[in-house]
Amino acid sequence: MNTASIVYIFLGLFLVGGAYSFWKQKLPRGVVLLLALGAGMCLATGLMRL
């Protein structure tokens, strides 16, 4: 495991938490979707770099 993969996975998990928080606050669906897509891309990048 290299440092970049750990950073991407951590960032992805952080963004997933933010998307969940935004969903609970009933923010616009587009904002939540954009944040969730960013989280998914970060997690995918981190897992592919492992």
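Let's start with how the chain folds back on itself: among contacts (heavy atoms within 4.5 Å) between residues at least 6 apart in sequence, 67% join residues at least 24 apart. This is a predicted model, in which local features need pLDDT of at least 70 and side-chain atom pairs count only at pLDDT 80 or more, while totals for chains, interfaces and linings use all residues. Residues are numbered from 1 along each chain as its sequence is written, and side-chain values use heavy atoms, with hydrogens and water left out.

The secondary structure comes to 2 helices and 0 strands, where helices are DSSP runs of H or I with at least four residues and strands are runs of E with at least two, numbered from the N terminus. Helix 1 covers residues 3-24 and helix 2 covers residues 29-48. Their axes, lines fitted to C-alpha atoms over the stretch in contact, come within 7 Å and cross at roughly 160°, on a scale that runs from 0 to 180 degrees between N-to-C directions. The two helices are therefore roughly antiparallel, a term for angles over 145 degrees.

Now look at the residues where the helices meet. Helix 1 brings residues including Tyr-8, Leu-15, Phe-22 and Trp-23, and helix 2 brings residues including Arg-29, Leu-35, Cys-42 and Leu-47.

Stepping back to the whole chain, the C-alpha atoms fill a box of roughly 35 × 15 × 10 Å along the principal axes. Of the 50 residues, 18% count as buried, meaning under 20% relative accessible area with a 1.4 Å probe, protein chains only.

Notes. Parallel < 35°, antiparallel > 145°, perpendicular 65-115°, else oblique.
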